[in-house]
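Subject: Structure handover

Hello,

Here is the structure for your files. My notes on it follow below.

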Amino acid sequence: MTIHRAVVARVRPLTATMTRVTLHGEGVKDFRTTGTGDEYVRIFLPHGPDRTDVSLPRTTEQGGWETPEGQPVAPMRTYTIREVRPEAGEIDIDFVLHEGGIASTWAAGARPGDVIGLNDPTGLHSPPDDLAWQVLVADQTGLPAVARLLENTPDHVRTRVVLEAPDPSAVLPLRELPDSKVTWTYGGNGHGPSRLADLVAAAVPLGTDLAGGYVWVAGETNALRAVRRYLRRDLGLPADRFKVVGYWIPNSDTWSQRYEALPDSVRAELEALWDGPGGDTVDVTIRYEARLSEFGL
C-alpha cells in the first residue's frame with residue numbers, strides 16, 4: 001500500500017453540480033491503476049487553510065496506514081477514479097458539488113498547486129467470464145464509474161444503463177455501445193427520496209433470463225438496502241452476479257455517533273453477525289442492514 005502525494009494540475013467544471021480535478025506530480029508517477037472501471041481510492045485532504053499542507057499518513061506493515069506521531073489526522077473521503085493516463089502522469093477524479101461535505105467544499109475551491117493524498121486503488125466491478133448482458137444503475141455519485149465502465153465494456157455486451165440525476169442539468173454524454181440503452185431519470189440525490197430500488201426492479205424484472213448477466217448498482221447507501229434484497233432474495237441472483245456499492249449516507253457526519261448511542265447489547269448483536277456461520281457475505285449484509293433499519297440507521 002502506497003500513499004501518493006498528488007498535486008492539482010487543472011480543474012474543469014463538467015456541469016453545475018460536478019467538477020473534474022486532474023492530478024499529477026512526482027508522487028503519482030508510480031500510481032498503478034487496476035484497470036477496473038469503478039476502482040476507488042481514499043483521498044486525504046488538507047486540515048487547515050493552507051491547501052498544500054496535507055498530513056499524509058504512512059503505510060504500516062499490516063498494509064494499512066497511520067498518521068505520524070504529532071501530526072493532525074487528515075480528513076479522508078472515498079472517491080472513484082474517472083480516468084488514469086499513465087503516459088501523461090495524470091489522474092482524473094470527478095467530484096459531485098453539494099452543500100456541506102469537506103471533499104465537495106475542497107473540490108469547489110480547488111486550483112492548480114493544491115495538494116491531496118491518495119492511496120492505491122481498489123476495483124469492485126467483477127463480471128463473470130460468460131458476460132452477455134449487464135445492467136448499470138446509479139445516482140449522480142456513481143456517474144463517473146458508470147462512464148468508465150461503459151468505456152471498458154466490449155461491444156458485444158448488451159448494456160442497460162439507468163441513471164438518477166438531480167435534474168437535467170446534471171446529464172453528461174456517455175459512450176454509446178452498439179447494443180446499449182441509457183435512460184436518465186430525475187430526483188433523489190439528497191433532494192428527495194431515491195428511486196434506485198424501483199429503477200433496478202424495472203430494469204431487471206422478475207422472470208428475467210439471468211444467464212450471462214451481471215448487475216452493478218451504486219448510490220445512496222440506505223436506498224441500496226432494498227436493491228440488495230431484491231437482487232438476492234427476490235430475483236435469486238448468485239452473489240458473484242451482482243455488485244451493490246453504497247457511495248454516500250445521508251447525515252453521514254452523525255452516523256457513527258448514532259451507532260455508538262445504541263445499547264451495548266444491540267451493538268454486540270450487530271457485530272456478532274459478522275462472526276457467526278451466517279452464510280455468505282451478501283446474506284449477512286442483508287440481515288445486518290435490516291437490523292440497522294429497525295434502529296433508524
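Two strands are said to pair if DSSP finds at least two bridges between them. Helices (H or I, at least four residues) and strands (E, at least two) are DSSP runs, numbered from the N terminus. On those terms, strand β3 (residues 40-44) runs antiparallel to β9, and two bridges join them.

Before the rest, the conventions. This is a predicted model, in which local features need pLDDT of at least 70 and side-chain atom pairs count only at pLDDT 80 or more, while totals for chains, interfaces and linings use all residues. Residues are numbered from 1 along each chain as its sequence is written, and side-chain values use heavy atoms, with hydrogens and water left out.

Overall

The protein has seven helices and 14 strands. Its radius of gyration (taken over C-alpha atoms) is set against the globule rule, 2.2 Å times the number of residues to the power 0.38. The radius is 20 Å, close to the 19 Å that the rule gives for 297 residues, so the protein is as compact as a globular protein of that length. The C-alpha trace spans about 55 × 55 × 40 Å along its principal axes. Buried means under 20% relative accessible area, exposed over 50%, and partly exposed in between (1.4 Å probe, protein chains only). Contact means heavy atoms within 4.5 Å. Among contacts between residues at least 6 apart in sequence, 69% join residues at least 24 apart.

Strands around β9

Strand β9 covers residues 115-119, and five of its five residues are buried. V115, G117 and N119 point one way from β9, and I116 and L118 point the other way.

A pocket search was run on a 1 Å grid over the protein atoms alone: a cavity is a set of points where a 1.4 Å probe fits but cannot get out, and a pocket is an open set with protein on both sides within 12 Å along at least five of seven lines; lining residues have an atom within 4 Å of a point. Grid points are joined across faces, edges and corners, and a volume is the space filled by probe spheres set on the points.

The second largest pocket has a volume of about 160 Å³. Its lining consists of L14, R20, R82, D94, L143, P144, A147, E151, L172, P173, L174 and R175. Seven of these are nonpolar, none polar and five charged, where Ala, Val, Leu, Ile, Met, Phe, Trp, Tyr, Cys and Pro count as nonpolar, Asp, Glu, Lys and Arg as charged, and the others, Gly among them, as polar.

Helix α2 (residues 143-152) supplies the largest share of that lining, four residues. Eight of the ten residues of α2 are buried, namely L143, P144, A145, V146, A147, R148, L149 and L150.

T153 lies in the loop between α2 and β11 (158-165). At 6% relative accessibility T153 counts as buried. Leaving aside neighbours within four places in sequence, T153 is in contact with Q134, T159, R175 and L177.

Other single residues

- T67 is in the loop between β5 (65-66) and β6 (76-80). With 27% relative accessibility, T67 counts as partly exposed. Not counting residues up to four places away in sequence, T67 touches S55, P57, P72 and V73. The C-alpha atoms of T67 and D139 are separated by 33 Å, at 72 residues apart along the chain.
- N189 is in the loop between β12 (180-186) and α3 (196-203). Its phi is near 55°, a positive value in a residue other than glycine. N189 counts as buried, at 15% relative accessibility.
- E289 belongs to helix α7 (residues 281-294) and counts as buried at 9% relative accessibility. Beyond neighbours within four places in sequence, E289 is in contact with R225 and R228. E289 and P128 are 26 Å apart in space, C-alpha to C-alpha, and 161 residues apart in sequence.

Regards
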